[in-house]
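Here is a short tour for anyone meeting this structure for the first time. Have a look at it below, then read on.

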Amino acid sequence: MYFVKLTKVNSWVGNDTFSSEELRRYDRQLRILGLERQKKLKDSKVAIVGVGGLGSPIALYLAAAGVGHIKLIDFDKVSLSNLNRQIIHWTSDIGKDKVISAKEKINKLNPNVAVTSIKQALSKDNAEALLSDVDICIDALDNWKSKLLLNEICVKLRKPLIHAGVKEFYGQILVIIPGKTPCLRCIVSEEVIEERGKIPVIGVTPGIIGLLQALEAIKLITGMGELTLNQLILFDGLSMELTKVTVEKNPTCPVCSHL
Amino acid sequence: MKVTVKFYAILRELTGKKEIIVELDNDAKVIDVLNAAKKEIGEKAYEKIIEYFNRKKGPRLVILLNGRNIVHLNELETKVKDGDRLDIFPPAGGGKK
């Protein structure tokens with residue numbers, strides 16, 4: 001039902017929103033999305049918080065899909081041990097700010113995308129200001145303290161948040177629509193404590209999980225398909241299983257129960 | 001009554017199971033479900049689950065009872081009923097470093 005006839009795609013040349021270059025660039029997906037949904041992507045502003053293992057595929061694919069504005073937030077610099085999974089950064093980028101390295105790649109991949117690079121760690125002081133102008137936030141962070149802070153700010157600002165975390169061959173995803181679905185704090189306990197030391201991970205795992213986040217973002221923006229609302233997705237790469245576990249709001253959640 | 005217990009990620013390696021169904025008397029609690037699961041998952045796996053759930057250093061295991069974290073209910077003393085489901089997994093916190 002979504003497919004658009006080829007003749008219609010050709011007839012879009014000369015429209016006000018997209019150049020002929022963009023129409024050719026997005027040709028294969030315009031056949032599914034149509035101009036209206038592609039415009040929704042172009043008009044959207046997505047914050048990717050953390051430009052590492054998860055943030056790399058998310059940034060590349062959302063840029064390739066034509067999300068009009070991507071805000072990258074990360075304080076860190078590229079290091080050698082990042083490169084088994086953080087595929088937006090290359091060997092020649094070692095020592096460079098991640099938000100700059102990523103912006104350079106996005107610009108080369110799709111110059112139609114506006115990229116804002118914020119070289120800051122997300123904190124209580126800056127989170128609200130950094131996220132107030134975006135439509136969707138994507139959690140590509142590597143620690144629970146920041147993940148829970150991002151969750152809290154997104155609930156406060158009523159911004160949709162696509163959470164994920166990875167370890168080894170495993171990962172989880174939760175799409176949070178403040179007021180409608182459980183928030184991250186409903187699912188994990190408030191005493192959740194950081195992993196000690198470095199988190200081991202096979203690079204493909206954040207690749208897969210990050211792309212599932214990007215897919216949910218595209219669905220959220222375009223309104224297509226069914227979002228995984230009220231469902232925690234658990235991915236197990238070793239047994240190649242993806243399980244959806246129905247989750248409920250915590251009626252006494254200190255973060256979202258007032259909504 | 002019967003309660004389904006599902007294990008994910010490293011818990012599958014630990015228990016050797018993806019899913020078990022535990023038979024219990026009425027008025028059982030989550031801790032009774034885990035106790036009854038020992039027969040299938042072994043004493044060592046049981047002890048690790050309790051340890052990882054209670055630990056103060058490192059991420060705690062999440063035990064969901066019908067989609068609610070038991071930490072927000074009555075912890076291991078939360079009552080269960082026939083047909084309930086426990087999903088047990090370690091939350092993955094990585095993403096960047």
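## A proline tucked into a loop

Pro59(B) is buried, since its relative accessible area is 6%; buried means under 20% relative accessible area, exposed means over 50%, and partly exposed is anything in between, using a 1.4 Å probe and the protein chains only. You'll find Pro59(B) in the loop between H3 and E3 of chain B. Helices (H or I, at least four residues) and strands (E, at least two) are DSSP runs, numbered from the N terminus. From Pro59(B) to Val33(B) it is 26 residues in sequence and 22 Å in space, C-alpha to C-alpha.

Some housekeeping: this is a predicted model, where local features need pLDDT of at least 70 and side-chain atom pairs count only at pLDDT 80 or more, while totals for chains, interfaces and linings use all residues. Residues are numbered from 1 along each chain as its sequence is written, chains are lettered from A and ligands numbered from 1 in the order in which they are written, and side-chain values use heavy atoms, with hydrogens and water left out.

## Two helices of chain B

Start with H2(B), residues 30-41. Its twelve residues should span 16 Å at 1.5 Å a residue, and the end C-alpha atoms are 15 Å apart, which agrees; the expected span is 1.5 Å times one less than the number of residues. Buried in H2(B) are Val30(B), Ile31(B), Val33(B), Leu34(B), Ala37(B) and Ile41(B). They sit on the same side of H2(B), because they cover an arc of only 145° around the axis, where the arc is that of the directions from the helix axis to the C-beta atoms. The buried residues of H2(B) pack against E1, H1, E2, H3, E3 and E5 of chain B, with contact meaning heavy atoms within 4.5 Å. Just past the end of H2(B), Gly42(B) has a positive phi of about 90°.

## A mostly covered helix in chain A

How many of the eleven residues of H4(A) are buried? The count is nine, so to speak a mostly covered helix, running over residues 55-65. Among the buried ones are Gly55(A), Pro57(A), Ile58(A) and Leu62(A). The cover over them includes H3, E1, E2, H5, E4 and H9 of chain A.

One residue of H9 in chain A is Gly207(A). Leaving out residues up to four places away in sequence, Gly207(A) touches Gly53(A) and Pro57(A). Gly207(A) and Pro57(A) are 150 residues apart in sequence, yet 5.9 Å apart in space, C-alpha to C-alpha.

Ala127(A) belongs to H6(A), residues 127-131, and it counts as buried because its relative accessibility is 0%. Beyond its neighbours within four places in sequence, Ala127(A) is in contact with Leu122(A) and Ile153(A).

Two loop residues have a positive phi without being glycine. Asn230(A) has phi near 60° and sits in the loop between H9 and E7 of chain A; at 29% relative accessibility, it counts as partly exposed. Met240(A) has phi near 50° and lies in the loop between E7 and E8 of chain A; at 62%, it counts as exposed.

A search of the whole structure turns up three cavities of 30 Å³ or more. On a 1 Å grid over the protein atoms alone, a cavity is a set of points where a 1.4 Å probe fits but cannot get out, and lining residues have an atom within 4 Å of a point. Grid points are joined across faces, edges and corners, and a volume is the space filled by probe spheres set on the points.

The largest cavity holds about 160 Å³. Its lining has 18 residues, with Tyr170(A), Gly171(A), Phe235(A), Ala9(B) and Pro90(B) nearest the centre. E6, E7 and E8 of chain A and H1 of chain B each give two or more residues to that lining.

Conventions: 1 Å grid on protein atoms, 1.4 Å probe; cavity = no way out; pocket = protein on both sides within 12 Å on 5 of 7 lines; lining within 4 Å.
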